[in-house]
Each structure stands twice: as C-alpha cells, then as structure tokens.
Amino acid sequence: MRVITFNTQGIEQAAENGFFDWMVQQDADVICLQDLRAKEYQLDDERYHPEGYHSYFFDAWEDGYSGVAIYTREIPKAIMTGLGFELCDQHGRFIQADFEHVSVSSFFIPSGLKSEEAQQEKEAFMAEFLGHLSKTLRKRREFIFCGTTNIAHKTVDLSNWYANQTVSGFLQVERDWMADIFDEMGYVDAFRQINKAERQFSWWPAYNRARKLNEGARLDYQITTANLRKTVKNARIYRDQSFSEHAPIIIDYDIG
C-alpha cells in the first residue's frame, strides 16, 4: 500500500505546477492533501479528478483558506470529516477514509508563526488532536495519520536548529508534544522507521535559495499505530520537482 502526503499550499497552484501530472504516475493507493485553499465546488475541472481515483474533500468555512482532501483508488468503507472542535471543523483540518485493514487520514495543524494568538490557537489544536490520538489507541484497527504538524520533531529535522529554538515550529512545548505521540503513546514516525538519513526535509522557505541549499525542516509526517511499525518498507521525500514550498512524502506499507 503506497501512501503519499503533501501540503499543496493551494491546490490550484500545485496543479499549475504539475502536481496531478506527477501524482497519477506514482501508483499510489491513497494520497492525502492539505492546505487546499479552495472549496470542493471550485475544483470541478477534470484535472482535480484524475481517472482511477475517488476524491473526498473537507472544506474550511472561509474562502481561500485551509481544507484537506483524500484521493483513493479503492472506495472507502466510510469517510469521516472533522474532530468535533471548532479549530478543526470550521477550518477544514481533518478527513479520514476507512478501509478494510486500515484507516488513513489527512490532517493539517495550523502554523503559529504569524502572531502570539496564532501560536495559542496552534497549541489549542495540538491539545485537542492529542486527545483524539489517545482515544484512537482504544480502537481495534490500525491508523495512518498523514499531514502537516508544522513542527520539526528533533534537531536532525531542522537546519540551523540552534537558532530556531524560540521560533514556532521548534518550541520546546511543541517538541514535547511530538515526544508524547511517539514516546509516550507509542505511535510510529513511519518515515524515520525506515529512513535514518540526515537533512531529510519536507519544507523550505521560499527565499535565499533555501530549497537548492536544502535549508529547511521536516514538517510533514505519516504517523501510524504501533502494529504498523514492521509494515513500513520504503520512505522517501520527492524533491525533483517543486509543487509548493512543501514536498510529497511517499511511504510504502506491506498492508493487505
């Protein structure tokens, strides 16, 4: 089972940059998209609905803002949108597809870079999402949570980390939150389960040749339940083309 996660920073712009042309060549079973910045009714062009895939969207209430989607080869048994709290549901930040053996979701945690208020909203979202992850552990099925945390987990996940310790995305409270997920709850960072290389970034700022110099951060993740740890067979970040400031994360699982 091949799963891709990608933060589009605007699905229309990503499409113009060739994302869907690339996507249909990847033989992926599930593709999770974040930060669409467009509503489903605005995406009726055939390029947003490639042959062989079923598409499901969860829009933000506000126009041109947030939104998530899942593209699947197989029709899911069920689609769930939202998590029951305003910061998620009004902003279109979570959608889940249930299949026979696993549930796959697309999530998008807000950035806290703009202001202190934005950081407070981010931390409020983090607390609610952590509660959802805790409840998920009681369910008798496996899960893959795909999306943007807007947090670099460890120093290896951020260039120039020492100078960024007081910047949203690498604050101690955020790193502790990631540690709660992976260390305390036992979830798996699927990418790091198989790929231990340094400077594996999924986002680069759009200035100072950051992408070319590979000065960025790993802000995008596939987080799985513990039983899927040994099913991770391959993990990579696609950098050959630029569809947004983020790059697609491609992970192969040995799931029937």
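User: Which helices each supply at least two residues of the lining of the largest pocket?

Analyst: In this predicted model, the helices α4 (116–136) and α7 (210–213) each supply at least two residues of that lining. The largest share comes from α4, which gives four residues to the lining of the largest pocket.

User: How many residues line the largest pocket, and which lie nearest its centre?

Analyst: The lining of the largest pocket is made up of 42 residues, and those nearest the centre are Ser 111, Leu 113, Asn 150, Trp 203 and Leu 219. The space in this pocket comes to about 1,000 Å³.

User: And what does the lining of the largest pocket have by class?

Analyst: Sorted by class, the lining of the largest pocket has 17 polar residues, 16 nonpolar ones and nine charged ones.

User: What about the second largest pocket, what volume does it have?

Analyst: The volume of the second largest pocket is about 250 Å³. Its lining has 14 residues, and His 153, Lys 154, Phe 182, Asp 189 and Arg 192 are the ones that lie nearest the centre.

User: How do α4 and α5 cross, then?

Analyst: The axes of α4 and α5 come within 11 Å and cross at roughly 10°, and therefore the two helices are roughly parallel to each other.

User: Which residues meet between α4 and α5?

Analyst: From α4 the contact takes in Gln 119, Lys 122, Glu 123, Met 126, Ala 127, Phe 129, Leu 130 and Leu 133, while α5 brings Val 173, Glu 174, Trp 177, Asp 180 and Ile 181. By class, this contact of α4 with α5 has eight nonpolar residues, four charged residues and one polar residue.

User: Switching to sheets, what order do the strands have in the sheet with β5 and β9?

Analyst: That open sheet of six strands has the order β5-β6-β7-β8-β10-β9, and its pairing is mixed. Its edge strands are β5 (78–81) and β9, each of which pairs on one side only. Inside that order, β7 (residues 102–108) and β8 (residues 142–148) pair in the parallel sense over seven bridges, and Phe 107 has Gly 147 in β8 as its bridge partner.

User: Where does α4 pack on that sheet?

Analyst: The helix α4 touches β5, β6 (94–98), β7 and β8, and its direction makes about 165° with that of β8. As for α5, this helix lies across β9 and β10 (220–224), and runs at about 30° to β10.

User: What's the strand order in the open sheet with β3 and β11?

Analyst: Six strands form that open sheet, in the order β3-β4-β2-β1-β12-β11, and the pairing is mixed. The edges are held by β3 (54–58) and β11 (232–237), each with a single partner strand, so one side of each is left without a neighbour in the sheet. From one strand to the next, the twist averages 15°.

User: How many bridges join β1 to β2?

Analyst: Strand β1 (residues 2–7) and strand β2 (residues 30–34) are joined by five bridges and run parallel. In β2, Leu 33 is the bridge partner of Phe 6.

Conventions
Residues are numbered from 1 along each chain as its sequence is written. This is a predicted model: local features need pLDDT of at least 70, side-chain atom pairs count only at pLDDT 80 or more; totals for chains, interfaces and linings use all residues. Side-chain values use heavy atoms; hydrogens and water are left out. Two strands pair if DSSP finds at least two bridges between them. Axes are lines fitted to C-alpha atoms, for helices over the stretch in contact, and angles run from 0 to 180 degrees between N-to-C directions. On a 1 Å grid over the protein atoms alone, a cavity is a set of points where a 1.4 Å probe fits but cannot get out, and a pocket is an open set with protein on both sides within 12 Å along at least five of seven lines; lining residues have an atom within 4 Å of a point. Grid points are joined across faces, edges and corners, and a volume is the space filled by probe spheres set on the points. Ala, Val, Leu, Ile, Met, Phe, Trp, Tyr, Cys and Pro count as nonpolar, Asp, Glu, Lys and Arg as charged, and the others, Gly among them, as polar. Angles under 35 degrees count as roughly parallel, over 145 as roughly antiparallel, 65 to 115 as roughly perpendicular and the rest as oblique. Contact means heavy atoms within 4.5 Å.
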